[in-house]
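Dear colleague,

Please find below the structure that I am handing over to you. My notes on what was found in it follow directly after.

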Amino acid sequence: MSTTTIVSAPGKVLAAGGYLVLDQQYPGVVISTSSRFYTAIQASSGSANQIVVRSPQFHQAEWRYTVTYNATGIQVNPQEDSIGGKNKFVHLALHHTLNLVSEIHSVAHVQERLFHGLDIAAVGDNDFYSQRAQLESLGLPRTTKSLSQITPFCHNGVKLTDVHKTGMGSSAALITSLVSALLLHFAAITETDFANLEGDGRRLAHNAAQFVHCLAQGKVGSGFDVSSAVFGSQIYRRFGPAVLDPLMKGEFATGTLKSVLNSSAWDYSFRPIQLPPLTRLVLADVEAGSDTPSLVGKVLKWRGHEDSCETAKDLWTQIDESNQSLARQLDALSQSYVQNKDVYEQTIRQLASLPAQEWESISKAFYDLHQTTQRIRNLMRRMGDLAGVEIEPEQQTHLLDKSIEQAGVVGGGVPGAGGYDAIWLLICSPPSLPDEQHPLRRVESVWSTFDESNVTPLLAQESVAKGARVVQLDEIPGLREAIQRQ
């Protein structure tokens, strides 16, 4: 067994498919980000059957557990003296993953590998948390250049419960990296199988992470955030929630975890995609927040009401057609790059200096992609109006309109369920363009002078690595320093 196991898992942006992705009938377009969560597991020098989990980016973020063994399996018991209080996500991940390992191997196998206890450190890239306070304290403007000057995995200066998140799926990325790292560390799956996008080991890690995430949240969600954390950018269609019924009801007879999580009844599907070459995903943290569950509840109530269900059905069909059109266009543009890179690059250079309204004569494909993103925005706004929900609030509309009219910006929107807390853009990013001519600088200029809310860019781009992966400690700048005990 290697001394240290580290797995990273990316954050996400649901670029298309908000609300619809909850229904298995409709796919969503999910982009995984370069910003990642890391879980590092190593044997500690402590007592047998003791597990310490640390989150070094926060005050009082340490959780201690004692593992006990009985006839019904393994119990992971939180210690009363944990300075971090309770952490449902971590506790459930440990408890159920170790039980899954015991079903794959044996209880004795787990016991043997916990002879010296475990030390687990979990850290997330700075993008998962708002860095506005950091930038202000350093006297730096809100730009990507400023963000790159902040120490990697910086301390947030608050308790975990008080941090301002940026909505990139930190809980799904954490659970995915923690569950996958445990399965690998305890040899329940092999690294070779985990590295294969179609491997049984990766599938098991996905299904286990989905279950733990659902249990921690108290409901079976659509799962797009865990799926993109495991498999990367994709067109995602959710699994039928019935597969998790026995586990969500707490039916844990011997062998149940393994049989449910390996079951062929997991009927989700994903198809890997990527954003067009020489374009860049740009994300913003907006200083306001939305309560996603309440937004979702209101939209679903509107959709199911007898007075509005026909209207909703028609509208969802239109949104779905636009979402699927978006996916096809992304594929086609990637293909056109493969077919003629020189012409493609020359086109991107031209588009980078013009607003999208003027693109049709230069590249109908990119112009059509712009139009599709705008159509999706319009339809989502209409749904919000009909359901009485601020999917794209007026303030966000102003911010997006000003951003999208800049030269070199393809399109954008409010990710996921919408609301006030984030926007995404797709911009042209040709190589070796003078910095002052780059569309990103124009966008940052708009954001820095926007007076309706504070807008801070994030460093995240699309992840080039396909989902979760095993990493080495010194491969990631700042990781060794972040996880070492003070």
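Contact, as used in this message, means heavy atoms within 4.5 Å. With that in mind, leaving aside its neighbours within four places in sequence, M383 is in contact with Y19, V299, W302, L315, W316, I319 and I391.

Two remarks on the source are needed before going further. This is a predicted model, in which local features need pLDDT of at least 70 and side-chain atom pairs count only at pLDDT 80 or more, while totals for chains, interfaces and linings use all residues. Residues are numbered from 1 along each chain as its sequence is written, and side-chain values use heavy atoms, with hydrogens and water left out.

The nonpolar cores

M383 also belongs to the largest nonpolar core, which holds 121 residues. A nonpolar core is a set of buried Ala, Val, Leu, Ile, Met, Phe, Trp, Tyr and Cys residues joined through side-chain atoms within 4.5 Å. Buried means under 20% relative accessible area, exposed means over 50%, and partly exposed lies in between (1.4 Å probe, protein chains only). Within this core, Y19, I51 and M383 touch the most other members. Helix α5 (residues 170-185) supplies the largest share of this core, 10 residues. Apart from it lies another core, of 17 residues, and V282, A284, L425 and W447 are among them. As a general rule, in soluble globular proteins nonpolar side chains tend to be buried together.

Helices (H or I, at least four residues) and strands (E, at least two) are DSSP runs, numbered from the N terminus.

The annotated domain

The UniProt annotation "domain: GHMP kinase N-terminal", from an unreviewed entry, covers residues 165-232. UniProt positions are given in the numbering used here, feature names are shortened, and annotations may be inferred rather than shown by experiment. The span of residues 165-232 is 69% helix and 0% strand, and its end C-alpha atoms lie 21 Å apart.

Strand β2 and its partners

Of the 16 residues of strand β2 (residues 28-43), 13 are buried, so β2 is largely enclosed by the rest of the structure. Which strands pair with β2? Two strands pair if DSSP finds at least two bridges between them. Strand β1 (residues 4-16) pairs with β2 in the antiparallel sense over 11 bridges, and here T4 stands opposite Q42. Strand β6 (residues 118-124) pairs with β2 in the antiparallel sense over seven bridges, with A40 opposite A121. Strand β7 (residues 234-237) pairs with β2 in the antiparallel sense over three bridges, with V29 opposite I235.

Leaving aside its neighbours within four places in sequence, N323 is in contact with A16, G17, L20, V29 and I376. At 2% relative accessibility, N323 counts as buried. N323 and Y236 are 87 residues apart in sequence and 12 Å apart in space, C-alpha to C-alpha.

An open sheet is formed by four strands in the order β10-β11-β9-β12, with antiparallel pairing. Its edge strands, β10 (409-413) and β12 (455-457), each pair on one side only. Strand β9 (residues 279-286) is joined to strand β11 (residues 422-428) by seven bridges, and T279 has C428 as its bridge partner in β11.

Helix α16 (residues 439-449) lies across β9, β10, β11 and β12, running at about 150 degrees to β11. Axes are lines fitted to C-alpha atoms, for helices over the stretch in contact, and angles run from 0 to 180 degrees between N-to-C directions. Which residues of α16 are buried? They are P439, L440, V443, E444, V446 and W447. Seen down the axis of α16, its buried residues fall within an arc of 155 degrees, so they line one face of the helix. The arc is that of the directions from the helix axis to the C-beta atoms. These buried residues pack against α4 (144-147), β9, α15 (394-404), β10, β11 and β12.

Two loop residues

Most residues other than glycine have a negative phi. A187, in the loop between α5 and α6 (191-195), has a positive phi, near 60 degrees. L278, in the loop between β8 (269-272) and β9, has a positive phi near 65 degrees. A187 counts as partly exposed at 33% relative accessibility, and L278 counts as partly exposed at 22%.

With kind regards
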